[in-house]
Amino acid sequence: MASEDFRYQPPAARTVLLVAPSLAVADLVLVVLFPQQRDIPLFLPVIGLGGWLAWIVWGYPMLTVSDAAVTARNTWFTQVIPLGAIEAVSGGKRLTIRTRDRHQHIPAAVPGAGPFLAAAVRRTDAYGSFVTPVVGVDRLRIDADAERTAATVVAQVIRRRLDNLPPGSVRDARVPSPVINIRVVYATLGVGAACAALFLVLG
């Protein structure tokens, strides 16, 4: 029986979605309240570009674990790692996946645990909420007294999927080359050009 896919995004994903529009609205309010200040509108393109860059760095990355592979969607490229190609996986400060071709993969979606991330994971008990959006980990049980980070939780999920591989299944050590997220590249160029043009118009 196929297991539900596990998906993880950094806790900052929702924060970026809230902060950037809030700053833009605040700037528009200042434009209305202080129309004589010509410098205030110039912050709009800066906020737009900064918000987009923050989104692709902290909001766009995602890690998905299925019965067949680990898919790490990073900012600029996506890497698919078949479960049969994984030799070892470790958590703790950062998620590290070592494959049979002697390569190490560190997904951007599961960064090292800082104070905020560690606290967010503890508050949600690694089961998912508005702080840490985790899907497909309902049956995961961890010692409540043990130190845990996002990387530790994800590593345990991957190990569990590895343990569930059929006995005698073919171990495929071939890891496909990463695929560039071309839409993100084009969108970044477009957002940059639009913000630059808006800055020139407002200036």
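Which residues make the nonpolar surface patch of about 460 Å²? Ile180, Ile182, Tyr186 and Leu189 do. The model is predicted: local features need pLDDT of at least 70, side-chain atom pairs count only at pLDDT 80 or more, and totals for chains, interfaces and linings use all residues. Residues are numbered from 1 along each chain as its sequence is written, and side-chain values use heavy atoms, without hydrogens and water.

**View 1. The whole protein.** Five helices and nine strands make up the secondary structure. Helices (H or I, at least four residues) and strands (E, at least two) are DSSP runs, numbered from the N terminus. Of the 203 residues, 39% count as buried. Buried means under 20% relative accessible area, exposed over 50%, partly exposed in between (1.4 Å probe, protein chains only).

**View 2. The nonpolar patch.** Helix α5 (residues 182-202) gives the largest share of the patch, three residues. Ile182 lies in α5. Ile182 is partly exposed, at a relative accessible area of 41%. Like charges are joined within 9 Å, nonpolar side chains (Val, Leu, Ile, Met, Phe, Trp, Tyr) within 5 Å.

**View 3. The two sides of α5.** Val184, Thr188 and Cys195 are the buried residues of α5. Seen down the helix axis, they fall within an arc of 40° (directions from the axis to the C-beta atoms), so they line one face. These buried residues pack against α2 (43-59), where contact means heavy atoms within 4.5 Å. On the other side of α5, Arg183, Tyr186, Leu189, Leu200 and Val201 are exposed.

Notes: Patch = residues over 30% accessible without salt bridge, like charges linked within 9 Å, V, L, I, M, F, W, Y side chains within 5 Å. Areas by Shrake-Rupley, 256 points an atom, 1.4 Å probe, with all protein chains shown as cover. Salt bridge = Lys/Arg side-chain N within 4 Å of Asp/Glu carboxyl O.
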